[in-house]
Amino acid sequence: MKTFVPRAEDIKRDWFLVDANGKNLGRLAVKIATLLRGRNRPTFTPSVDTGHFVVVINAEKIKVTGTKETGKKYKYYTGFRDGLYTIPLGHLRATHPERIIEHAVKGMLPKNHMSREVMKRLKAYA
């Protein structure tokens, strides 16, 4: 029995529209990461990119539980001395709500070159 490995010309990418209104952040991020990697296909191969395109709407209406609205912090570093910034989730929701979903989905993907290519197929809108 031969092992089937999909080729680039055999892959048909579909578009999925996901409404984030009232959905839990972590559970939604798992489903989006599954679609982006193509794990819902019977021909899924970890070393081949067989994923779909995903468009997320209503990113500002995502639901988080507990005290994450004020307690969860996102950090980034500018590269300069004293350039570490921490932003609470509530402030990020008010300014750039699509980054919340992008950050959560990025954390669900494996840390390799293919995940950076997969993230280009995710479009999130407030």
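A: A salt bridge, as the term is used here, is a side-chain nitrogen of Lys or Arg within 4 Å of a carboxyl oxygen of Asp or Glu. The structure is a predicted model, in which local features need pLDDT of at least 70 and side-chain atom pairs count only at pLDDT 80 or more, while totals for chains, interfaces and linings use all residues. Residues are numbered from 1 along each chain as its sequence is written, and side-chain values use heavy atoms, with hydrogens and water left out.

The structure holds seven salt bridges, and Arg7, Glu9 and Asp10 are linked in a network of them. Asp14 forms another with Lys12, where the closest N and O atoms are 2.7 Å apart. Accessibility is described in three classes: buried is under 20% relative accessible area, exposed is over 50%, and partly exposed is in between, with a 1.4 Å probe and protein chains only. On that scale Lys12 is exposed at 56%, whereas Asp14 is partly exposed at 28%.

A further salt bridge joins the side chains of Arg13 and Asp49, at 3.8 Å from N to O. This pair links distant parts of the chain, since Arg13 is in the segment before β1 and Asp49 is in the loop between α1 and β2, 36 residues apart; the helices (H or I, at least four residues) and strands (E, at least two) are DSSP runs numbered from the N terminus. Arg13 is partly exposed, with a relative accessible area of 30%, while Asp49 counts as buried at 17%.

Asp49 also meets Arg121 in a salt bridge, at 2.7 Å from N to O. Here again the pair links distant parts of the chain, because Arg121 belongs to the loop between α5 and β5, 72 residues from Asp49. Both Asp49 and Arg121 are buried, and the relative accessible area of Arg121 is 6%. Leaving aside residues up to four places away in sequence, Arg121 touches Arg13, Leu36, Asp49, Gly51, His52, Phe53 and Val54, where contact means heavy atoms within 4.5 Å.

Phe53 deserves a separate word, for the charged end of Arg121 sits over its ring, 6.0 Å from the centre; that description requires NZ of Lys or CZ of Arg to be within 6 Å of the ring centre and within 35 degrees of the ring normal. Rings of Phe, Tyr and Trp (its six-membered ring) pair if their centres lie within 6.5 Å, with planes under 30 degrees apart counted as stacked, over 60 as edge-to-face and the rest as tilted. By this rule there are two aromatic pairs. In one of them, the rings of Trp15 and Phe53 have centres 4.3 Å apart and planes at 5°, so the pair is stacked. Trp15 lies in strand β1 and Phe53 in strand β2, so the pair ties together parts that are 38 residues apart in sequence. Trp15 is exposed at 57% relative accessible area, and Phe53 is partly exposed at 22%. The rings of Tyr76 and Tyr85 also form a stacked pair, with centres 5.4 Å apart and planes at 20°.

Just after α1, Gly38 takes a positive phi of about 85°.

Helix α4 has buried residues as well, namely Ile100, Ile101, Ala104 and Val105. They cover an arc of only 120° around the axis, which puts them on the same side of α4, and they pack against α1, β2, β3, α3 (89–95) and β5.

Definitions and conventions:
The arc is that of the directions from the helix axis to the C-beta atoms.
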